[in-house]
Amino acid sequence: MRGEAGALKRLSFQIAPGSDLGDVARDLQKDGLKCERRKGVSPGIAEAVTFEDPKGTPIDLYAEYQFAKPDGLPSVFNILKLGHVAYRVLDVQKIVKFYCDILGFRVSDWRGDFFVFLRCNTDHHTLNFIIDDKPQLHHIAFEVLDWSEIHKAVDYLAHNKIHLVWGPGRHVIGHNVATYHRNADLVRVEIFTEMDQMKDEELGYFDPRPWHQEFPLYPKMHGPETLRNYWGFGSERVIRGYQTNEIPSYEPIRS
Ligand SMILES: [Fe+2]
C-alpha cells in the first residue's frame, strides 16, 4: 500500500495494481461500510473506492496510479514520499481495530495504551494515532534519502525563515531521524530518514541497526515514559513552537 494525503482532509491508499475496484467495494460493503466509486480523484488517480474511517475521514482506495511527468527543474532537496500521517483521536482502540481488520495494517509499536504506530508496508509506521480530547491532524511526514538531505532541507527552510520546532533527533520508537517545522497552515511537518524497516514479516522483527536498544527488535508496548528521542533535544513534554495551540514566532535571524 502506498499513501497520499489530499488536502489533509482525506487519505488515499494504493492497493495491488490490477485489483478490481468493484470487488473491493463489495468486500467493504460486506464489512458493513458504505462506499462509493469516485472518478478523477487527483491528477494521478483516475478511479477509487471511497468510504469513511470511524473518525469520519474519507479513505480512497485506488489500484492504478499515473505518475506526473518530471518537470526537469533542479531541487534543493528531494522528497522520496509522503511517509506517514498522524492523527489525534478519541478512541484509539476502535481505530486500530478498523485499520487492522478492514485494511490489513499491522501494529508496530505502542507507547502505553494511548499512542499507536501502524504499518502497511516495510516502514515501521504509515499511520499514527494518539488519544486526545480534540480529534485533529497531528502531523504529516515526508521521507528523504539520508541525513544530508535533511541537512539541505533545514538549511533551505531557515533561508526562507521557517525554523524547526523540534529536532533534529532520533526517535526511540521507529528510530527515524526527524525534524519538525510548521507550514503556512500551521500543520506540523516532519522530514525524516532511517525509519525502522520490517522487511520480513515472517521473521517478525525490525531489520537490526546499530542504534537499536534491543536485538532483535520486535514490535512491543513501550512504557509511557519512554524517551521520545534516543538522541537530540526534545524529550520534554512541552516544546516551544511545536504545540498545536501556538503560532511559532521567530526572532529575525537574517536581515
Ligand atoms: Fe512522525
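1. Leu186 sits in the loop between β12 (177–182) and β13. The model is predicted. Leu186 is not a glycine, yet its phi is positive, at about 70°. Is Leu186 buried or exposed? Leu186 is exposed: 11 other C-beta atoms lie within 10 Å, and the cut-off for exposed is 12 or fewer.

2. Glu194 also deserves a look. Its phi is near 60°, again positive in a residue other than glycine. Glu194 belongs to the loop between β13 and β14. Here the surroundings are counted as buried, because Glu194 has 20 C-beta neighbours inside 10 Å. Buried requires 20 or more.

3. One joins Gly167 and Pro168, with omega about 5°. Pro168 is part of strand β11 (residues 166–171). Another joins Phe215 and Pro216, with omega about -10°. Pro216 is in the loop between β13 and β14 (220–222).

4. Now the overall layout. Domain 1 covers 11–62 and domain 2 covers 79–232. Their C-alpha centres are 25 Å apart. Five residues of domain 1 contact seven residues of domain 2. On the domain 1 side, two of the touching residues are nonpolar, three are charged and none is polar.

5. Strand β10 (residues 136–143) has two pairings to trace. With β6 (residues 81–89), the pairing is antiparallel and has seven bridges. Within it, Arg88 is bridged to Gln136 of β10. With β13 (residues 188–193), β10 runs parallel, joined by four bridges. There, Ile140 has Val189 of β13 as its bridge partner.

6. The largest nonpolar core has 23 residues. Leu61, Val116, Leu118, Leu127 and Phe129 have the most contacts inside it. At least two core residues come from each of β4 (45–52), β5 (58–62), β6, α2 (92–101), β8 (115–119) and β9 (127–131). Strand β8 gives the most, with four.

7. Setting aside neighbours within four places in sequence, Val116 touches Val92, Val96, Val107, Trp110, Asn128 and Phe129.

Methods: Residues numbered from 1 in each chain as written. Predicted model: local features only at pLDDT ≥ 70, side-chain atom pairs only at ≥ 80, totals over all residues. Domains from an automatic or database assignment. Contact = placed C-beta atoms within 7 Å. Nonpolar A, V, L, I, M, F, W, Y, C, P; charged D, E, K, R; others polar. Pairing = 2+ DSSP bridges. Core = buried A, V, L, I, M, F, W, Y, C linked by C-beta atoms within 7 Å.
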